[in-house]
Structure formats: structure tokens, C-alpha cells
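Have the structure open while reading them.

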Amino acid sequence: MSGTRQHAMKPKSLNFNDEWPKIEKTVVKILTFQPIDKMTWDYNFTEIYHLCICVPSTHEKHLFESVKLCVLKHVETLREHLAMYNGDVLINKYVKLWEQYYEASKILHTLFYYLNRLLEKQNGSMQNKNKALNRTTEKIPCSIGGLVLGIWKQEMVLKIRDPLYFAIFEVINQHREGYKCDSIEEVHAAINSFVLLDKYEVPKLSKNVDVISGDFQETIYTFYSQSFELSYLEKTRTYCNQILANKFAALPIREYMEKILNEIENERKRARLFLDPSSEKKVHEVCLRLMVNQHKKQFDDATSEILYEEDEKYLKIVFNILEPLKPDGLSILIKEFHKKAVDDGIMNVWKCDNSSTPQLFVDNVIVIYNKYNNLVKNVFNGAGEFTKSLDNAMHYIVNYKENPKIISKASEKTAKYVDSLLKRAKNVDEKDIDNNLSKAIIIFKYLEDKDNFQKFYSKMLANRLIHNLSTNHEYEELMVSKLKEACGYEFTNKLCRMFSDINISKELCTGYLNSIYCKLFTNVSINFNVLQACAWPYSINGIGGSSNSPSDDKPSIPLPPPIVSKYIGEIIDSFDSFYHTKHNGRKLCWLYHMFTVDIKNQTDFKSYLITMNVTQASIWLSFEGVDQLTVQELCQKSSLSHDVVVKNLKIFVEHTLLICHDPTFSLSSYVIYNSKYQGKRIKFRLPQPQNQKIIEREVEQVAQELLHDRKYYIECVIVRIMKSRKVIKHNDLVSEIISQTRSRFVPDMSFIKRNIESLIDKMYLKRADTKDEYHYLA
């Protein structure tokens, strides 16, 4: 059996004129939809194969030309039949004949499968040769399916195009005028035939048998687009001009917008009903450009007016009209949207009296953000151009400053907002905390000076952690995780180490309390926090002293006022000894100004636990065993200056813990201990005296530290760039610097140039002879 099959597949000598009539009968039957038995089909399929490979010469060219003549004769007969009809009848007859013919083309394509493979191979070789010689040749069908469809296009469609197009457009015009149309499906089928005629132009033939009916995802509809579609778009222009002149000419601009939007939507529906899906966008754009361009000035004026009136209904209409007219259709609307957002933001955030506090600042910024973000989502469908415009507007609003030489207050206010939020988060719902922290993160993302925010936030976080002012550590960690997500690990590295130090200090303090070094008094308990100097925003300058002996590496500890140090001095020494047994070689520098003291105050009515700083504790402990002292005696007992004593006495008097009838607190004035004190809270913290000059000095110190850190950071960036690039142009270097520092701050040109010059002086790089180029010095 296998030997017989192999023998049948071998090339043999055949006379084309003898074989073709048999094949021709089958071709005619296929074209006329007559039945064919399986034996006839198999015989013709095999004979076509043998004609393609026969010896001494193959007959594929004769076969191709013969099929062409046969199909051509059939199409001419059909065309003569259609010439007798017009109007709807012509469309119906054409569609019926086309559907039969298209099915026949697929069957013929299958029957001549081996011929198709040869044609594809020959066509590919010819194309490669022409490409090598830079020659262009007319594209010819490379399959029988393509040949059959090409004949229909040339001999049928192009020759009856005028009456067929006229009949199709008559139906479409009737549909535009609102008349009932019974031949919509037939018109769509007729138009779709023009699309299917282009499918044979796909360059690569599929190996599947049924190629013509395959899924052509990227077919270029040349005939359809250049013939029928152009005519349809021209008819659409004519129709739009008519309705603009007759119906919409005298309408007010807003009513005109509604009318044209409705009319354009009708044209889109009509395009979906009759045309190929690829035409809908073109029809939409043709209608829009025509109807908008005729009233361009009125559109521009109305756009600005509607935006400032915040009329969302008409804003939606304007957007729907202009959005498809890219790239410049929305340019004016985007520009006006950005301008309004900026004006609204500056007025409500910076130039009003109710944004003085951090809470009001954040609330006002978020109100502006939510207002315009909702506008972008609900009216502008979240379009990327408006999202970008809103981001630019919010960036300008948040970083606004009247004097460009100073640092914006936004970083400080945002940090203070988070500080106040985390201090009072005890009885607040977790969702509310998360939402409020998210507000801060929204503003943080728009900050230019993120490093400035980091400075303020780290100081405030340190204050909360050291003095146990944070009501929930989980909320603190939540905020840090949000910052990490927004700005990366490097930004939050020191903040995470601060949490780590607090946890390690708790373990260290527990170990000390259980050790032999702990020698507590019965009425005194103590807690220590050991902090890494590089992670916390505290200066240790000036702390330390000479050693007790030449061989002792431990720094001498400057004790607080004697009245306090008599309680804690011995414990500090013992903890210092204990710590050095755990960490040999480390030095402890004590920050006494950060100490807090919890003192139990027993009045005639109840006991109170008061938290105060070391200075306040020195004054309070001076009243131990006495009920009244003069201000001068207080100064002597507490070892404090008169000015410091007076500032702290005011706080005691304000809280009625002490009584003084002299508001000037002269040296001879008496201060009396209030044994009748009654307060609402049993446990409370005394506020520290506020000095505006000290606050201003701290802010100035933060600004100086910021500039120093920025200088160091930008120098590192420059060296890193130069080390990798070796040689670089000035403009390229500046661009790289701005790109790498943008996540922390945006440096100005003068700052960049100063640091480049500084590195040149330090011999890290040199300027080339061209003076526009830098070379790295290893």
C-alpha cells in the first residue's frame, strides 16, 4: 500500500491540454455552486498536484492563466446580469452573487492548494530579488484565492461602481433623514465585500487550508479606504455642511455644542451600522473638525467661561467634543484647567488667613486636590493630559513661595501636621488615621524639598519617641512605611534606625535593672535611651570633658544642677559602667537637656504625677521641705540664672502649681507652694517655655544643616557621575545632576555651578580646554 502511494506521488509527464478540461468543469461547478462528488474532487486535487510537479516542465503558469480566464468569463456573465438592475434591487442582487462568489473563492483556494504553495514561493523569491536591487514592482496575487478576489474587484466592482455606490448612498441618505430602511443589512454586506477584497494582499500566506476566511488582524484595506471610504467621508462632509448652514447656524454656543455632539454620535452609530469598524474613528474626526473649526473662536471663549463657572455638564460636553481632535484639540482646555487650578490653589492655600496652622494648610491643599482630581476623573475620564496638568498645578501650589530665594514652608507644615496627628491618635479610628496620613503623603509627593521635610520629621519623630508622646507605635511605623513606599529605603533608613534604637534601649534598660550595677533608691526609678549619634537629629557638640585619669577613656559627665544630680548622679555612673560591659570601646555622651523627670506631687486632696524637664525639676525640688521661697533663694538652690528661673516660674504659676503675686518675679518676690492645687488630670506634662528667638534659631539651624547636607549630597552625585562617565559635557552633567537629585530636592543652577567649581578646586575633576567639558581625575 505504501509503495503504491509513493509511486502515485512521483512526478510524471502530463499533457496540460488533456488535463485542463476536466479541472475546468470542476472550477465552473464551484463557481456556479453545483454539487461535486468526492471522487471528482480527489481526482482534480491530485491532478493539480501532478501538473505542478510534472516533467520535463511544470505547468503552474498555464494552470494559473487558465483559472484566470475561466473565472474572468464567469464574472463577466454575472456583471451583464447585474447591469439590468439599479437601486435596492441592485444591492440585493449584488450581495447574493457576492456571497456565493466569496464562498466559491475559498473552495477554489483549497482545491489549488499545491499551486498556491508554488506561487507563494516564487513570489517570495521575486520580492527578495527586487528588494536587493531596490526595484519596486506591481503587487500580483500569490494565491488562487487572491486571483479570484482580484478579478471580482477589477471586472465587477470597478465596472459597476457608479450605480452601486449611488444605490448605497441613497439608502444611507434615507437613513440620515429618518426614513425607515429595509436594506440596512444588505448595504452593510455590500460595503463589507469591498473590505474582503483587500484580504488577499496579506504578504504571508497561512499554511492552513482555509486562508481566505482566516483572521487578518493587521490587514490594510487599500481598495476599501481609497475607493468607498473616501467617497463616504466626502458625502459626510457635504451633509455636515448642510446641517450647519440650515439647522445650527443661529444657535447659542452651548446649545450648538449639545446639538453637534448629538449629531456626531448619530454619525458614529451610522458608521457602526454600515461601515467597517476601522472607519468609525475617521468619520468621527471628520465631523468634529468640520463642526468645531467653523466656530473655533466661540469654542475657545466658551471653554474658558464654562471651566471657571465649574459647569460640569457642559465641561463634559466640551471634553467629549475636543478629546478626539488630537494632538491639539484639548490644548486650550488643558491650559485653562491648569491656570484655574493654580489660581484657586494659591488663593485658598497661601493667600488666605485660615492656612496659618499645619492642619488648615493640609486641609486646604487636600480640598483643592480632591476638587480638581474629581473633575479629572468624573468629567475628563481620567485622561492622562489632565492628570499631568493637575500634577504640575499641585506641584506649583504646594511649593509656592513669594520669595524664590527662601525654602518653601510646605515641608515644615506637612511635618508638623503629621506630628500633631500622631500625638493625638489615641482614641482615633485606624481608618481615620490612615486617611489622614494619606493626605500628608499626597502633599509629600509634590514637595520639591523632600530633604527639608525629612529634617523636620526626624526631629519631631525623635521628640515623640524620646518623650513617649506618640500614642501608638503602629501608626508611627505606618507613616514610615508610606514614606518608604513614596521615596524609597534610603529616605527612611535613619527613621527605621530610630525605632530600632528605642527597642534595643528597652532591652538594655531591662538588663540593667536586673544587674548588680543597679542601685536604685526606693523613691526613684529611671529609664535610659541609648541612641546612635548618626541616626538621631541631636548635636553632641560640647558634651564630654577631660578624663578622670590618664588611662581612663571614659568621658567625664557634666552633671545637671546639683539638686537633681544628687538623685540621678550615682545611677548614671552605674549605668555607664554596666553599658561598657556590654559594648567595649563605645562612648556615652549624655544629653541632659533631653532628660524628663516624673515627680509625684502630694497635695491636700490627691496625688499628681507631673512630667517636667531637668530645669523645671530643679525649681520644683527646691520646695522640698519648705512652702515658700524668694526668687533669689530659688536661683541659689536650683543653681539657675534669674532669667531661666523666671521663664519656668511663669509656667508653674500659669498651672497654679506655685503662687506668686508679683508678675515681674523680682528677686525679692515670694513664690508659694500651692498645697490646695486641684487639677483635672492626675498625670500630665508641663510645657516647656517657648522663646521665639530660640524657635527662629532652630529653624535657621535646620536651614543651615539642610544646605550643608545638600552640598555634600550633590558633590557625591557629581563624583559618582564623573566616575562612571569619565568625560562629560556641561549640559549633560547638569541634566544628570537634576535627574539624580530630584527625588530629594531640585537644585538651582547657581548651586550646581558652585559645587562643580568646589570639586574642581578639590582636584576631583578638571575643566577641558573647550571649557564646556569636564574630565574626571582618578
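Q: Is Phe 223 buried or exposed?
A: This is a predicted model, in which local features need pLDDT of at least 70, side-chain atom pairs count only at pLDDT 80 or more, and totals for chains, interfaces and linings use all residues. Residues are numbered from 1 along each chain as its sequence is written, and side-chain values use heavy atoms, with hydrogens and water left out. Buried means under 20% relative accessible area, exposed over 50%, and partly exposed in between (1.4 Å probe, protein chains only). Phe 223 has a relative accessibility of 10%, so Phe 223 counts as buried.

Q: How many aromatic pairs are there?
A: Rings of Phe, Tyr and Trp (its six-membered ring) pair if their centres lie within 6.5 Å; planes under 30 degrees apart count as stacked, over 60 as edge-to-face and the rest as tilted. By this rule the count comes to 47 aromatic pairs.

Q: Which kind of aromatic pair do Phe 194 and Phe 223 form?
A: The ring centres of Phe 194 and Phe 223 are 6.2 Å apart. The angle between their planes is 80°, and the pair is edge-to-face.

Q: In which helices do Phe 194 and Phe 223 lie?
A: Helices (H or I, at least four residues) are DSSP runs, numbered from the N terminus. The two residues are 29 apart, and the pair links distant parts of the chain. Phe 194 is in helix H9 (residues 184-196) and Phe 223 in helix H10 (residues 222-246).

Q: Why does Phe 194 count as buried?
A: The cut-off for buried is under 20% relative accessible area. Phe 194 counts as buried because its relative accessibility is 0%.

Q: Which kind of pair do the rings of Phe 319 and Phe 380 form?
A: Their centres are 5.6 Å apart. Their planes meet at 55°, so the pair is tilted.

Q: Where does Phe 380 lie?
A: Phe 380 is 61 residues from Phe 319, which is in helix H14 (residues 312-322). Phe 319 and Phe 380 are both buried. Phe 380 is in the loop between helix H16 (358-378) and helix H17 (384-398).

Q: How many salt bridges does the structure hold?
A: A salt bridge is a side-chain nitrogen of Lys or Arg within 4 Å of a carboxyl oxygen of Asp or Glu. One of them joins Glu 155 and Lys 159, at 2.9 Å from N to O. The structure holds 37 salt bridges.

Q: Which helices are tied together by Arg 176 and Glu 267?
A: The side chains of Arg 176 and Glu 267 meet in a salt bridge of 3.0 Å, N to O. The pair ties together parts 91 residues apart in sequence, because Arg 176 is in helix H8 (residues 161-176) and Glu 267 in helix H11 (residues 253-274).

Q: Which helices hold Glu 476 and Arg 464?
A: A salt bridge of 2.6 Å, N to O, joins these side chains. Glu 476 is in helix H21 (residues 473-487) and Arg 464 in helix H20 (residues 450-466).

Q: What is the relative accessible area of Glu 476?
A: Glu 476 is buried. Its relative accessible area is 0%.

Q: Which residues make up the network that includes Arg 254?
A: In this network, salt bridges share partners. The residues joined are Arg 254, Glu 305, Glu 309 and Asp 311.
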